[in-house]
Every structure is written in structure tokens, then in C-alpha cells.
Amino acid sequence: MGIDLTDRTAVVTGGAAGIGRGIAIELAREGADIVVADLDDEPTLPEEKERGTTVEVVEEMGHEAEFVKTDVTDENQVSSLMDVAAEEFAGIDILVNNAGIAGRGKASETTLEFWNKVLAVNLTGPFLCAKHAIPYLVESDQGRIINISSQGSKRASGTNTAYCISKAGISHLTRSLAAELGSEGVNVNGIMPGPVRTEMMADVLDDPEQRQTYLDQMCVDYYGVPEDIGRVAVFLASEDSRYVTGHEVAAEGGWLVN
Ligand code: NAD
């Protein structure tokens with residue numbers, strides 16, 4: 001039998017656009033109901049807008065979906081998100097900590113304000129979401145947390161300092177939460193995407209020179225689409241990954257081995 005996420009409820013942060021949207025749609029394809037937690041429910045890229053909001057796409061697939069306006073850096077909003085999701089969908093089975101922002105710049109040129117903002121969204125947000133989802137996830141018979149890190153968490157970058165450090169932080173959050181929650185029946189894993197053409201990366205990947213620089217560092221000769229990350233999330237959300245916890249899947253076209 002294939003993967004079946006019927007009757008599972010997934011909260012996907014940053015699910016309105018990009019990778020989060022791809023994850024939400026792929027989880028729904030396998031039967032999950034979806035709560036999209038984002039600053040705005042409007043997608044960003046023209047091709048995403050043409051298809052409709054994530055909620056509309058998931059509903060067209062025959063599953064329930066709801067948008068809950070949430071800033072993941074605000075603990076009150078995050079706490080309320082989890083309560084609303086659990087109440088309306090009779091629990092939470094899967095939390096996908098995907099919301100994130102770019103954080104380019106050298107350390108010597110990074111302001112404290114920018115540093116704090118990148119860390120707040122990319123690291124404190126996932127901590128807050130996990131903290132407030134845990135009481136519901138332990139009630140599930142198959143609780144799952146999936147944290148979206150980056151291949152940048154593994155490689156030092158002199159020009160992307162705040163971002164890479166925030167992603168190294170979320171990678172360790174994955175391991176810490178796995179240690180905390182394994183005995184409670186909640187598995188915690190991560191995904192390290194490589195370049196995926198979303199609003200965050202469109203300017204880079206649409207520039208021929210920059211795109212080639214990326215491709216030269218990878219094993220494959222193409223960059224990913226949000227669904228590539230979504231299919232990995234499906235596995236990590238499913239019963240098939242019951243013996244996998246505390247790890248990260250590198251979905252990055254072989255960047256880290258090249
Ligand atoms: P994106 O900009 O297309 O989407 C990010 C989504 O997060 C948006 O819908 C945005 O509104 C939401 N968001 C931002 N701040 C938020 C906040 N404070 N509260 C709630 N929602 C918020 O970006 P993306 O490329 O889809 O990135 C998704 C995740 O994947 C991020 O964590 C990013 O770091 C990671 N990632 C992306 C790539 C890539 O190449 N695109 C590579 C590696 C990792």
C-alpha cells in the first residue's frame with residue numbers, strides 16, 4: 001500500500017507560497033488536511049497566483065484547508081494558531097516549520113537589527129511553533145515535526161552569514177526535539193533544500209550567471225521545484241518514516257557531495 005495521510009492534519013508555516021505551498025499541496029495529495037499559517041494567504045509568483053491560493057488548491061483536491069494569519073515570531077499568534085488548528089481539525093498530526101526569510105550579507109556588514117530579524121523568523125519561529133504544537137502532536141498516534149533547513153546550514157558562507165547560522169540552528173533544533181519527543185511518539189526530521197525557484201530565489205536563479213554558479217556546484221544540471229521538497233516531506237510525514245528521527249534529508253541536487 002502507498003502512503004496514506006487521510007485524516008491527518010498538517011500545519012504548514014509559510015504555506016502560502018514557494019516551498020511551503022509545494023509541501024502543503026503534496027501532503028494534501030496524499031490525503032492530509034492543511035492549515036496554512038502565513039503573514040498573507042496570497043501567493044507571490046505569477047504562476048502560483050494563476051492557480052489560486054494554497055487553500056483553494058487543496059480544497060479543489062477534495063481536502064479541508066484553512067488559512068490562519070500568523071507571524072511565527074509572535075508567541076501569542078503562534079499559540080492561538082495551534083489552538084485554532086487543533087480545535088477545527090480535531091488535533092494536529094504534522095507541523096512543518098517552513099516559514100523563513102533570506103539573510104544575505106557579510107558579518108562585517110550585518111546590522112544587529114537584521115541579524116535579530118533573520119534569527120527571529122528562521123529559528124525562534126520554529127521553536128515557538130514546536131513549543132505550542134507539542135501538546136497536540138503527542139496526542140496524535142503519529143506525530144511529526146518537519147523543519148526546513150538549508151544546505152547552507154552545512155557550509156560556511158562569508159556572504160550569507162545570518163541565514164546560514166539560523167539554518168544551522170534549526171538543524172540542531174531538529175536533533176534536540178527528536179531527543180525530547182521520541183519517547184512521546186513524535187518523530188522530528190528536517191529537509192535541507194538546495195536552490196528552488198521561489199520568490200526568495202527567483203532573482204538569483206533567473207540571472208544566467210548566478211544560476212550557472214549554482215549549477216556548477218551541484219551534481220544534477222537543474223534546480224528544484226517546490227514539489228521536490230514536498231515529496232520528501234510526504235515521506236517524513238508518513239508511517240514509512242517511523243524509524244527515522246533526528247535526521248535531515250538533503251534535497252539539493254547533490255550540492256553537498258560535489
Ligand atoms: P518564499 O519567500 O517563497 O516563501 C516564504 C513564505 O514564508 C512566504 O509565504 C512568507 O510570507 C512566509 N513568511 C515569511 N516570514 C514569515 C513570518 N514571520 N511568519 C509567517 N510566515 C512568514 O521562500 P521559500 O524559498 O519558499 O522558502 C521556504 C523555506 O525554505 C525557508 O525556510 C527557506 O529558508 C528554505 N529554503 C529555501 C531555498 C530556496 O532555494 N528557495 C533553499 C533552501 C532553503
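Trainee: How does the shell around the ligand split by class: nonpolar, polar, charged?
Mentor: There are 14 nonpolar residues, 12 polar and four charged. Keep in mind that this is a predicted model.

Trainee: Which residues come nearest to the ligand?
Mentor: Gly14, Gly18, Ala99, Gly100 and Thr198, out of 30 residues around the ligand. Two elements give two or more residues to that shell: helix H1, residues 18–29, and helix H5, residues 112–137.

Trainee: And which element has the largest share?
Mentor: H1, with three residues.

Trainee: OK, confidence. What ipTM and pTM does the predictor give the complex?
Mentor: The ipTM is 0.99 and the pTM is 0.98. For the protein, the mean pLDDT is 97. 100% of its residues reach 70 or more.

Trainee: Zooming out, how many helices and strands are there in the protein?
Mentor: Nine helices and seven strands. The C-alpha trace spans about 50 × 35 × 35 Å along its principal axes.

Trainee: What does the radius of gyration say?
Mentor: The protein has 17 Å. A compact globule of 258 residues would have a value near 18 Å, so the two agree.

Trainee: What share of the residues count as buried?
Mentor: 48% of the 258. As for contacts between residues at least 6 apart in sequence, 77% join residues at least 24 apart.

Trainee: Now the core. Which residues have the most contacts inside the largest nonpolar core?
Mentor: Val11, Leu27, Ile34, Leu95, Ala133 and Ala233. That core has 66 residues. H5 gives the most to it, with 10 residues.
Mentor: As background, nonpolar side chains tend to be buried together in soluble globular proteins.

Trainee: Take Leu27. What does Leu27 touch, not counting residues up to four places away in sequence?
Mentor: Leu5, Ala10, Ala32, Ile34, Ala233, Val234 and Ala237. Ile34 and Ala233 are also among the core residues with the most contacts.

Trainee: Switching to Arg231. Where is its place?
Mentor: Arg231 is in helix H9, residues 226–237.

Trainee: Why does Arg231 count as partly exposed?
Mentor: Because Arg231 has 15 C-beta neighbours inside 10 Å. Buried needs 20 or more, and exposed means 12 or fewer, so 15 falls in between.

Trainee: How many residues apart in sequence are Arg231 and Glu26?
Mentor: 205. In space, Arg231 and Glu26 are 6.3 Å apart, C-alpha to C-alpha.

Terms used. Residues numbered from 1 in each chain as written. Predicted model: local features only at pLDDT ≥ 70, side-chain atom pairs only at ≥ 80, totals over all residues. Near = placed C-beta within 6 Å. Helix = DSSP H or I, 4+ residues; strand = E, 2+ residues; numbered from the N terminus. Nonpolar A, V, L, I, M, F, W, Y, C, P; charged D, E, K, R; others polar. Rg over C-alpha atoms; globule rule 2.2 N^0.38 Å. Contact = placed C-beta atoms within 7 Å. pLDDT = per-residue confidence, 0-100. Core = buried A, V, L, I, M, F, W, Y, C linked by C-beta atoms within 7 Å.
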